[in-house]
Amino acid sequence: MRVQQAIAFTVLGSILAFPISLTAQDQQDQQDRQDRQDQQDSESRKAAHDRAQREQTEKDHQKHTGAKVVGGTAAGGAVLGAVAGGGKGALIGGAAGAGAGAVANKVRKDKAVKKREQRENPQ
């Protein structure tokens, strides 16, 4: 029974960690984009970034995207924690899930801002 439970948690943990591994694959693409951005004029780049960031923040606030991401991962962590360790496990899992959700939300928002910038200044 314990072996099956350990295997189940390992599988669930790897499934939850999968999106984080995808961000590592994008590092080279991000470096290439950064090199191209360095060739542009710094003032227009800064203005485009600020505008894209404002637009993305406004959209996220209207749709409560950040709260959905962090809340969903916190709930998922709490469920896994409750299964693993009862009430105390649920509390720890919820906190860990919320932290992971905050990181995931930051990555998501940064990617969306970069996408908006590229859409505004195609190369």
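## Overall architecture

In what order do the elements of the chain run from the N terminus on? They run α-α-α-α, and the chain accordingly counts 4 helices and 0 strands. The model described here is a predicted one, and the values given below are computed from its atoms.

Buried residues make up 16% of the 123 residues in the chain. The accessible surface comes to about 8700 Å², and 60% of this surface belongs to carbon and sulfur atoms. Of the contacts in the chain with a separation of 6 or more, 78% are accounted for by residues 24 or more positions apart.

## Confidence of the model

The pLDDT of the chain averages 82, and 76% of the residues score at least 70. Among the elements of the chain, helix α4 has the highest mean pLDDT, at 92, whereas helix α1, which covers residues 2-25, has the lowest, at 65. As a matter of caution, where pLDDT is low, the predicted coordinates should not be read in detail.

## Helix α4 and its kink

Helix α4 spans residues 65-120 and holds 56 residues. A straight helix would reach 82 Å at 1.5 Å a residue, but the end C-alpha atoms of α4 are only 23 Å apart. Where in α4 is the kink centred? The kink is centred on Gly85, and its angle is about 150 degrees.

Ala74 has its place in helix α4 and counts as buried, because its relative accessibility of 17% falls under the 20% cut-off. Leaving aside neighbours within four places in sequence, Ala74 is in contact with Gly93, Gly94, Gly97 and Ala98. Ala74 and Ile92, which are 18 residues apart in sequence, have C-alpha atoms 9.8 Å apart in space.

Gly97, also placed in helix α4, is buried with a relative accessible area of 8%. Apart from neighbours within four places in sequence, Gly97 is in contact with Thr73 and Ala74. From C-alpha to C-alpha, Gly97 and Gly71 are 8.4 Å apart in space, although 26 residues separate them in sequence. Asn105 lies in helix α4 as well, and this residue is buried, with a relative accessible area of 17%. When residues up to four places away in sequence are not counted, Asn105 touches Thr65, Gly66 and Val69.

In one of them, the side chains of Arg51 and Glu120 meet with a distance of 2.6 Å from N to O.

In another salt bridge, the side chains of Arg116 and Glu55 meet at 3.4 Å, N to O. Are the two partners, Arg116 and Glu55, buried or partly exposed? Arg116 counts as buried at 17% relative accessibility, whereas Glu55 is partly exposed, with a relative accessible area of 36%.

Lys106 and Asp110 are separated by about one helical turn, because they are 4 residues apart in helix α4. In general, an α-helix has 3.6 residues a turn, so residues three or four places apart point the same way. Asp110 counts as partly exposed, at 35% relative accessibility.

Notes: Residues numbered from 1 in each chain as written. Predicted model: local features only at pLDDT ≥ 70, side-chain atom pairs only at ≥ 80, totals over all residues. Heavy atoms only, no water. Helix = DSSP H or I, 4+ residues; strand = E, 2+ residues; numbered from the N terminus. Expected span 1.5 Å × (residues − 1). Bend = angle between axes of the 7 residues up to and from the residue. Buried < 20%, exposed > 50% of the residue type's maximum accessible area, 1.4 Å probe, protein only. Contact = heavy atoms within 4.5 Å. Areas by Shrake-Rupley, 256 points an atom, 1.4 Å probe, with all protein chains shown as cover. pLDDT = per-residue confidence, 0-100. Salt bridge = Lys/Arg side-chain N within 4 Å of Asp/Glu carboxyl O.
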